[in-house]
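We will go chain by chain, then look at what lies between them.

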Amino acid sequence: MLQPVAAPSILGYFALASALIIYGSWLAGWWGTEKDTAAFFPFLILFGGFGQLAAALWGYRARAAVAAALHGSWAAFWLGLGLVYLLGTTHTITVPGRGDVWQSMGEWSIYFAIITWTTAFAALARSPLGFVAQGLLGTASAFAAAGFLDGSTGWEDLAGWFFVAAAAVAFATGAYTMVSGAHDEPVQYEHGDPGVKVGQ
Amino acid sequence: MDDGRPQPDEARLEAPSARIYLTPVAPPASLGLFGFFASTMVVSTWILGWWGTPTGSPPTMFEIAAAFGGLAQFAAGVWSFRARDPIGSALLTMWGTYWMAWGLLQLFAAIGFVTIPPLDVAQPGFAVWFIPLCVFTTWGAVAAVRENLPLFTVLLTVGVGCGFVAGGFWAGSSTWTKVGAWLFVIGACAAWYTAAMVLLEYAWGRVILPFGVLPKLMKMSPVANRPGARISAPVEYALGQPGTRRAT
């Protein structure tokens, strides 16, 4: 039994791009101070985290293996990073600032780079745009790893730029997927309820 | 038997023929094993002293472990039921709960509710966590003998590693704990390989990373050991929406 669903990667890429552009531009020092993490962490948790998690879990039903792996992984990243900033905001823990050595986040960034390059290679089979977005994101993670482990604002700035570039291509990937879906030839009844026909 | 009593309506109906719906889903193991890989590498290498400090690192380390090794792996484990994967449904879910529980423990430590002693001090209350993890993960390795070598390697090294870690935390022996952590590192690398192997085969429609199938012992054809080989033939309505075909 084949069950059609809307492409979850649209939400996934939109949520990923939104979190990336906020965090990447902040990490690159384009705007804000250390205190601004208290203002943007809820958005990271809820859209970057839960938004992508929903997309990832619907990715299983959509038979979208890359979407499930990519968005599930990065959903976890934003949930975790958001929780770090939440605990920092409540003064439960001390969170290193930009340009400080942050070894644990450097370690996480290494493995997110490896995982994201893996999903990028998988995406290359069907989605060149997705490959570029994920390739940039994996590279950004590698630069972030260098920045956090070394306490280098230079590497962090570079990572921020790459996060923003990845955000731009991720947005384009989601936007393309949304528009290209109009060219599907779905199985549907003309006058059915939503689900029986495409859309509301 | 007609004993004169009124019969319910359905008694006069023919038994309906049984139907089985097979519903394809993307492989949940990749996300689950990626979460396991990253979380296990970060925490095991910290235990081994490759980076960080004993008390300074956990407060900013546990959050992503709880979300990635925990929540994401748990979700992948639950989806493994739909994938009809008995090993994944049991063990990804179990390890997902472990990482969430560990994250909760570290959160309580960060808040000050509990104090976590160093590795060379006995922690029997934490050591006992690893007894069921050891038993069930090792048993999973026994089942994986019929699957593929990478998955078998993950489960065997992690299962045995749990035994060492349980002994290490029980006795306050950092040496035993570090032996377990080394086994975890090996298992984590095998987990990345297994996740990538499954993901790439699904995405490309052919084998990219060899499956490590031992002929006659494992269920899959040894063809799966040859890069470029096609080992799956998905049922697809090519022009339809995601779900009726594989999607990106």
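The tour below moves from whole chains to single residues. Bear in mind throughout that this is a predicted model.

**Stop 1: chain A**

Select chain A and colour by secondary structure. Along the sequence the pattern reads α-α-α-α-α-α. Now orient the chain along its principal axes. The C-alpha atoms fill a box of roughly 60 × 35 × 25 Å.

Colour by burial next. Of the 200 residues in chain A, 57% are buried. Then turn to contacts between residues at least 6 apart in sequence: in chain A, 71% of them join residues at least 24 apart.

**Stop 2: A:Arg63**

Zoom to the loop between helix 2 (37–61) and helix 3 (65–89) of chain A, where A:Arg63 has its place. Check the backbone. Phi of A:Arg63 is near 60°, a positive value in a residue other than glycine. Most residues other than glycine have a negative phi. Is A:Arg63 buried or exposed? A:Arg63 is buried, because 25 other C-beta atoms lie within 10 Å and the cut-off for burial is 20 or more.

**Stop 3: chain B**

Switch to chain B. Its secondary structure comes to seven helices and zero strands. The pattern along the sequence is α-α-α-α-α-α-α. The radius of gyration of chain B is 23 Å, well over the 18 Å that the globule rule gives for 248 residues, so chain B is more spread out than a compact globule. Along the principal axes, the C-alpha atoms of chain B fill a box of roughly 75 × 60 × 40 Å.

Repeat the burial colouring. Buried residues account for 48% of the 248 residues in chain B. For contacts in chain B between residues at least 6 apart in sequence, 62% join residues at least 24 apart.

**Stop 4: a helix pair in chain B**

Show helix 1 (residues 29–47) and helix 3 (residues 86–111) of chain B. They pack at an angle of about 35°, with their axes 11 Å apart. Their crossing is left-handed. Which residues make the contact? Select B:Ala29, B:Gly32, B:Phe36 and B:Ser39 on helix 1 of chain B, then B:Gly88, B:Leu92, B:Trp95 and B:Trp99 on helix 3 of chain B. By type, the contact residues are five nonpolar, three polar and no charged.

**Stop 5: the loop between helix 2 and helix 3 of chain B**

Select B:Ala83, which lies in this loop. B:Ala83 has 18 other C-beta atoms within 10 Å and is partly exposed. Draw a distance from B:Ala83 to B:Pro24. The two are 59 residues apart in sequence, yet 7.5 Å apart in space, C-alpha to C-alpha. Beyond its neighbours within four places in sequence, B:Ala83 is in contact with B:Val25, B:Pro27, B:Pro28 and B:Gly88.

Move on to B:Arg84, which has its place in the loop between helix 2 (62–82) and helix 3 of chain B. Phi of B:Arg84 is near 60°, a positive value in a residue other than glycine. B:Arg84 counts as exposed, because it has 11 C-beta neighbours inside 10 Å and the cut-off for exposed is 12 or fewer.

**Stop 6: where the chains meet**

Show both chains. Here 54 residues of chain B are in contact with 57 residues of chain A. On the side of chain B that touches chain A, helix 1, helix 2, helix 3 and helix 7 (174–204) of chain B each supply at least two residues. Which helix of chain B gives the most? Helix 2 of chain B does, with ten residues. The residues on this side of chain B divide into 38 nonpolar, twelve polar and four charged.

**Stop 7: the core**

Finish with the largest nonpolar core, which has 147 residues. Its residues with the most contacts inside it are A:Ala166 and B:Phe37. Helix 3 of chain A provides the largest share of this core, 17 residues. Centre the view on A:Ala166. Leaving aside neighbours within four places in sequence, A:Ala166 is in contact with A:Leu20, A:Ala133, A:Leu136, A:Leu137 and A:Ala140.

Definitions and conventions
Residues are numbered from 1 along each chain as its sequence is written. Chains are lettered from A and ligands numbered from 1 in the order in which they are written. This is a predicted model: local features need pLDDT of at least 70, side-chain atom pairs count only at pLDDT 80 or more; totals for chains, interfaces and linings use all residues. Axes are lines fitted to C-alpha atoms, for helices over the stretch in contact, and angles run from 0 to 180 degrees between N-to-C directions. Helices (H or I, at least four residues) and strands (E, at least two) are DSSP runs, numbered from the N terminus. A crossing is left-handed if the near helix is turned anticlockwise from the far one by less than a right angle, and right-handed if clockwise. Two residues are in contact if their C-beta atoms, placed from the backbone, lie within 7 Å. Ala, Val, Leu, Ile, Met, Phe, Trp, Tyr, Cys and Pro count as nonpolar, Asp, Glu, Lys and Arg as charged, and the others, Gly among them, as polar. A nonpolar core is a set of buried Ala, Val, Leu, Ile, Met, Phe, Trp, Tyr and Cys residues joined through C-beta atoms within 7 Å. The radius of gyration is taken over C-alpha atoms; the globule rule is 2.2 Å times the number of residues to the power 0.38.
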